[in-house]
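This report looks at aromatic ring pairs and at charges placed over rings.

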Amino acid sequence: MAKRPLRRLPPLHDKLDIAKSREAGQLAARVLSMLTPHVQAGVSTEHLDKLCHDFIVDELKCIPANIGYHGFPKTVCTSVNEVVCHGIPAAKEILKDGDIVNVDVALIKDGWFGDTSRMYTVGNVPAKAKKLIDTTYEAMVAGIRAVKPGATLGDVGHAIQTVAHRDGFSVVRDYCGHGIGQIYHDEPQVLHYGYPGQGMTLQEGMIFTIEPMLNMGKHDTKELDDGWTVITKDKSLSAQWEHMVVVTATGYEVLTTWPDGTGTYPAP
C-alpha cells in the first residue's frame, strides 16, 4: 500500500529494531510465497485474499495490517492488469488466462510492520506484459542498489526511472514508497523518479519501502469511486514490485527476502 504519509523526520533504527523489522518483513514475504501456486485462471481475488488472511492469522500468528486501515476492507490489495495499486479483492473478480496481478500484503508482528508486494502471471501472458513485469523488477532492483549512507532519495528515484524510460515505460508519480517500522506509512517518502544528488540524504538505520509502479502507457492515474482502486487513466497495463530495505553502514539490506529464492530474477 502506498499512501503518502505525514511529513516528519525519519527515525533511525538500531540493531534490535532492525531485527524486529526484518522478522516482520520476512513473514510478509512468506505470505506471497505461499500464494504463488494459487494464482491461477478461474480463481477469484476474494479467494486469494482469504488464503492470505488465514495464513497470516493461523500459521504466522500475526495481525493483517490492511484490514480497517483508513477503511480498507481486505487483507491484501489485488491489482489486476490496468489497476496500478490498492485493488480490492472481490468474489466477482475472476482471474483469466493472460492476466497480470500484483498482490500487496502487510502484517504486524509484535508491533512491527512487514510490507511487500510481487507480480504474478496467469497462464499465457503476452510478451509485452512480461517485459513490463521484468522491467519493473529491474527498476526496483536498480533503486535498491542505489541505497547507501550519503546517497540521496533522488539517486534512488533516478535509478528507477532510468530503467523504466530505457524500455519505453512510464513511472507512476502519484504514489510512492515510504518509511516503515512501528508506523505503517512513515517518513521518508520515496519517489520513484528524481535527479541524482537531490532530495533527502540517506543515513544508516533508515527503513523504507521501494515499490515502483510502471505503466505501459502514460503515467497518469485515476482513483475509482470505491475510494481505493487506482487505475491507469489510459487503461494501459501496470506492474509493481515492493521490498523493504534498511540503510546499513556500507549499503543496504533487503528485509523482505523471498523464502524460496529469486528464481530467474537477480537478487537485489
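## Burial of Trp258

Does Trp258 count as buried or exposed? Trp258 has 16% relative accessibility and so counts as buried, a term that means under 20% relative accessible area, with exposed meaning over 50% and partly exposed in between (1.4 Å probe, protein chains only).

## Basis of the values

The model is predicted, so local features need pLDDT of at least 70 and side-chain atom pairs count only at pLDDT 80 or more, while totals for chains, interfaces and linings use all residues. Residues are numbered from 1 along each chain as its sequence is written, and side-chain values use heavy atoms, with hydrogens and water left out.

## Ring pairs around Tyr137

Searching the whole structure gives nine aromatic pairs, where rings of Phe, Tyr and Trp (its six-membered ring) pair if their centres lie within 6.5 Å, and planes under 30 degrees apart count as stacked, over 60 as edge-to-face and the rest as tilted. One of them joins Tyr137 and Trp241, whose ring centres are 5.1 Å apart with planes at 80°, so this pair is edge-to-face. Both of these residues, Tyr137 and Trp241, are buried.

Tyr137 also pairs with Trp258, with ring centres 5.9 Å apart and planes at 50°, so that pair is tilted. Ring pairs link Tyr137, Trp241, Trp258 and Tyr265 into a cluster.

## Arg118 over two rings

A charge sits over a ring if NZ of Lys or CZ of Arg is within 6 Å of the ring centre and within 35 degrees of the ring normal. Arg118 lies over the face of Tyr120, 4.6 Å from the ring centre, and the charged end of Arg118 also sits over the ring of Trp258, at 5.3 Å from its centre.
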